[in-house]
Amino acid sequence: MLRIFNTLTKQKELFNPIDIKIVNIYVCGITVYDYCHIGHARTFTAFDMIIRYLQYLKYNTNYVRNITDIDDKIIYTAKKNKEDYYNLTNRMIFFMKRDFKKLGLLDPNFEPRVTDHISDIIHCINILIGKKFGYIANNGDVIFSVNHYQNYGELSKQNINKLKFSQDSNIFQKKCTQDFVLWKRVSKIDTPNWDSPWGFGRPGWHIECSTFNHIFFGKNLDIHGGGSDLLFPHHENERAQSSALYNKNTYGKYWIHIGSILVNNNKMSKSLNNTVFLYDILKNYNSEIIRYFFLSTHYRKPISFDEKKLYKAIFDLKKLYTVLNFIKDRDTVFNKTFSLQYQHFCAKFFDAMNNDFNTPHAISVLFALVKQINIHIRKKNKNLYIQLIYQLKFLANIIGLLNQHPQLFLNSLNEILKR
Ligand SMILES: [Zn+2]
């Protein structure tokens, strides 16, 4: 039985979807003002693994990942580039899709853009104002009132009283420091802007995700996820809004957060100029090397990225693909019926995956299999080692590994090692 660590309860819980027929999953997507970096790659590879595993368990998944195509960083970058914000976001969406495809990520079922849903966002803000969760500040912004939502701080384990008294330069606009913007009022000449019942403006950041949850899932969803950097304030605010829309105390059954990524033990940031872009890494390394690198650490733990560490992934994959290469007949029917003598490998692999998607343990089972395969190769027990190789491929495929042609992949690894 699958157990998932839920950030909300801080414990592993038995996975029990709201509706057995479909698992609804929402993952906060990219703000498209620049190319995707390896932090994005890690987050979305982790959710790709989670969704593949849920699908293996025969769940139908409904995966929604938004695209933030309007925000301050987008407006600032477009101005700096002297281009229309829409040109910038279209270009970055094109590159995001190109890089994610190359990384081998499954496409979401829906990938809504904020600017295509302004009227839906306005509709949700109207509901929140109607329920007294939203108010209009002195400067014309529409603000969410945190005091109205009694469970504020519960998800990110914040002490609400401490938060309320922290200093904030915009305090004069808000009733409470932690209150946040639902609709940002701008003048008509500040573009882009949209007309609304509260004048020209644009949506605050958090309301888009609650609006998409409202549109695609309604009153609740199974898994809400994102990078751990989004836990506060973004997910706390999202949960407050979504709960308020439905007059509930809580929204989202399981909250999943992916560990952060460091670069040579430093935080990745524009100011440190140490951003590692995904397209740069994909130029030099096969996507499976990158996937293996991420999955060999548990999804909740932080990873320090260092290109040298990719070589460990290369050597490990070389071992796995070398045994795969012992099957020369690619047309042999895939055989899922494994010898009973060796089913304990499967059992251990699934125990690891059912334990909050423990991919490092699952990968260690693949290596235990390789050891056994090599014993039988040496003993020339062909029937047995072929069966075990199929088992190896079957298990690895579940988490998106060992999907490539063995000889071609080994050739590409050798090319990297010659550099
Ligand atoms: Zn979000």
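This is a predicted model: local features need pLDDT of at least 70, side-chain atom pairs count only at pLDDT 80 or more; totals for chains, interfaces and linings use all residues.
Helix α12 spans residues 359–378 and contains 20 residues. Its first and last C-alpha atoms lie 29 Å apart, close to the 28 Å expected at 1.5 Å a residue. The buried residues of α12 are T359, A362, I363, V365, L366, L369, V370, I373, H376 and I377. These residues lie on the same side of α12, because they cover an arc of only 150° around the axis. In an α-helix there are 3.6 residues a turn, so residues three or four places apart point the same way. The elements that cover the buried residues of α12 include α1 (38–56), α9 (287–295), α10 (309–324), α11 (343–354) and α13 (382–398). On the face turned away from this buried side, α12 carries the exposed residues K371 and R378.

The backbone also deserves attention. Most residues other than glycine have a negative phi, and most peptide bonds are trans. After α12 comes K380, with a positive phi near 60°. Two further positions with a positive phi are set out below.

| Residue | Phi | Location | Relative accessibility |
|---|---|---|---|
| K10 | about 55° | loop between β1 (3–6) and β2 (11–14) | 57% |
| N247 | about 55° | loop between α7 and β10 (254–258) | 61% |

K10 counts as exposed because its relative accessibility is 57%, with exposed meaning over 50%. N247, at 61%, likewise counts as exposed.

The peptide bond from F232 to P233 is cis, with omega near 5°. P233 belongs to helix α7, which covers residues 231–245.

Note on methods
Residues are numbered from 1 along each chain as its sequence is written. Side-chain values use heavy atoms; hydrogens and water are left out. Helices (H or I, at least four residues) and strands (E, at least two) are DSSP runs, numbered from the N terminus. Buried means under 20% relative accessible area, exposed over 50%, partly exposed in between (1.4 Å probe, protein chains only). The expected span of a helix is 1.5 Å times one less than its number of residues. The arc is that of the directions from the helix axis to the C-beta atoms. Contact means heavy atoms within 4.5 Å.
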